[in-house]
Amino acid sequence: DKEGDHYLPHDGSGFYELVWGIAAIQACRAMDLYGYPEEAQRCLDSICGLVQPDGELKTYFGLSDSGTLLVALEDHYRYTRDKEWLARVAPTIVKVCEWTIARRAKEKAGQDPGSPTWGLIKYRPSGDYPEPDYSFLSDTALCVGLEAAARVLPIAGREEESRRIGAEAAAYRRDIDQAMKRSVFEHEGVRLLPILPAEAERPRARRPRAF
């Protein structure tokens, strides 16, 4: 659908009018894979237009949208090798990374370093789970998004920002790995990792979602 100057993919044709960020971005990645780079770029540019001035990407899905966008932008450059386009979207890439880094720092300031959620971000996990919570889906998406940004930014001549974002991504990955180890619990002889790590601290009856 065209909304103002934005071309935004939707999950359904003619009946599903909300933009679910992660799904819309994956549609862009599919366009690239199928050989439609111009269409993919038009939609990726439109989704970049939804990024707020502070770097937050707000759609009707959740926190993983931002990381998924960063991965899709790197992928699109790898397919097209369009350095002019990359230079144009590089400020948005940095802005999204800065929001993630700042949000993580804010979260850690109020967290217990020994908790299963240390270093993770509390936010809406998805459109179907709108209450703020910690989610390994969200944090891993953000982490690989920072890693993607660190890989592609030097090509746009932003080496210093790449190094800083890469260091933040490495620290994020360590925190996620530690959070996963702390969140594993045993149920009926099986070791499980909850999708929502805070469930490791909740009563056993409220642990239905696990990998």
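**A helix pair and its surroundings**

Guide: H4 passes H5 in a left-handed crossing, meaning that the near helix is turned anticlockwise from the far one by less than a right angle; helices here are DSSP runs of H or I of at least four residues, numbered from the N terminus. This is a predicted model, in which local features need pLDDT of at least 70 and side-chain atom pairs count only at pLDDT 80 or more, while totals for chains, interfaces and linings use all residues. Residues are numbered from 1 along each chain as its sequence is written, and side-chain values use heavy atoms, with hydrogens and water left out.

H4 spans residues 83–109 and H5 residues 136–152, and the two pack at an angle of about 140° with their axes 10 Å apart, the axes being lines fitted to C-alpha atoms over the stretch in contact, with angles from 0 to 180 degrees between N-to-C directions. The pair is therefore oblique, a word for angles that are not under 35 degrees (roughly parallel), over 145 (roughly antiparallel) or 65 to 115 (roughly perpendicular). On the H4 side the contact (heavy atoms within 4.5 Å) is made by Leu-86, Ile-93, Cys-97 and Thr-100, and on the H5 side by Leu-142, Leu-146, Ala-149 and Val-152. Sorted by class, this contact holds seven nonpolar residues, one polar and no charged ones.

Leu-69 touches Ile-25, Leu-44, Ile-47, Cys-48, Val-51 and Leu-57, leaving out residues up to four places away in sequence.

H4 also carries Arg-88, which at 48% relative accessibility counts as partly exposed. Apart from neighbours within four places in sequence, Arg-88 is in contact with Gln-41 and Asp-45. The C-alpha atoms of Arg-88 and Gln-41 lie 12 Å apart, although 47 residues separate the two in sequence.

Terms used. Ala, Val, Leu, Ile, Met, Phe, Trp, Tyr, Cys and Pro count as nonpolar, Asp, Glu, Lys and Arg as charged, and the others, Gly among them, as polar. Buried means under 20% relative accessible area, exposed over 50%, partly exposed in between (1.4 Å probe, protein chains only).
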